[in-house]
Amino acid sequence: QELSAKYISWEISTSITWIIIAVVLFLIPSIIIIALDIKYRFSGGVLICAGLFGIILSCVVIGCQIFDILRCTYFPELQVLEYINSLMSSESR
């Protein structure tokens with residue numbers, strides 16, 4: 001039981017870390033796009049596409065990690081069971 005609690009805490013901590021990384025990945029391109037648009041009236045280009053890709057990717061990561069936190073909060077047994085199953089299947093290979 002203690003091991004399960006530690007695993008769930010670890011899972012929530014890593015999810016929060018990924019959310020922080022995704023927020024940074026969201027903010028940096030957003031600031032660059034706004035700064036370029038204000039300074040140069042920049043429209044289009046590789047930098048804008050890369051920035052939009054970073055924004056979209058960060059939204060997907062944030063959504064997945066929030067789902068993971070909710071799952072750990074409300075169904076911790078399922079999370080632990082899936083982790084054990086993944087260990088068992090990787091061990092049998």
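This is a predicted model: local features need pLDDT of at least 70, side-chain atom pairs count only at pLDDT 80 or more; totals for chains, interfaces and linings use all residues.
**Entry 1: aromatic pairs**

I searched the whole structure and got 2 aromatic pairs. I looked at Tyr7 and Trp10 to begin with: the ring centres are 5.9 Å apart and the planes sit at 35 degrees, so I wrote this pair down as tilted. Tyr7 and Trp10 are 3 residues apart in helix 1, which puts about one helical turn between them.

Then I went to Tyr7 and Tyr83. Their ring centres are 4.5 Å apart with the planes at 25 degrees, so this pair is stacked; the cut-off for stacked is under 30 degrees. What does this pair tie together? Tyr7 is in helix 1 and Tyr83 is in helix 3 (residues 76-91), so the pair links parts that are 76 residues apart in sequence.

I also checked how covered the two tyrosines are. Tyr7 is buried because its relative accessible area is 13%, and the limit for buried is under 20%. Tyr83, at 36%, is partly exposed. I logged Tyr7, Trp10 and Tyr83 as one aromatic cluster.

**Entry 2: Cys72**

Is Cys72 buried or exposed? I found it buried, with a relative accessible area of 2%. Cys72 sits in helix 2 (residues 46-74). Leaving out residues up to four places away in sequence, I get Ile8, Glu11, Ile12 and Gln79 as what Cys72 touches.

**Entry 3: the nonpolar patch**

Which element gives the largest share of the patch? Helix 1 (residues 2-40) does, with 5 residues. I looked at Ile28 separately: this residue is in helix 1 and counts as partly exposed because its relative accessibility is 48%.

**Entry 4: whole chain**

I counted 3 helices and 0 strands, running α-α-α from the N terminus. Of the 93 residues, 24% count as buried. The chain exposes about 7,000 Å², and carbon and sulfur atoms supply 73% of that. For contacts with a separation of 6 or more, I noted that 71% are between residues 24 or more positions apart.

Note on methods:
Residues are numbered from 1 along each chain as its sequence is written. Side-chain values use heavy atoms; hydrogens and water are left out. Helices (H or I, at least four residues) and strands (E, at least two) are DSSP runs, numbered from the N terminus. Buried means under 20% relative accessible area, exposed over 50%, partly exposed in between (1.4 Å probe, protein chains only). Contact means heavy atoms within 4.5 Å. Accessible areas come from the Shrake-Rupley method with a 1.4 Å probe; for residues, only the protein chains shown count as cover. Rings of Phe, Tyr and Trp (its six-membered ring) pair if their centres lie within 6.5 Å; planes under 30 degrees apart count as stacked, over 60 as edge-to-face and the rest as tilted.
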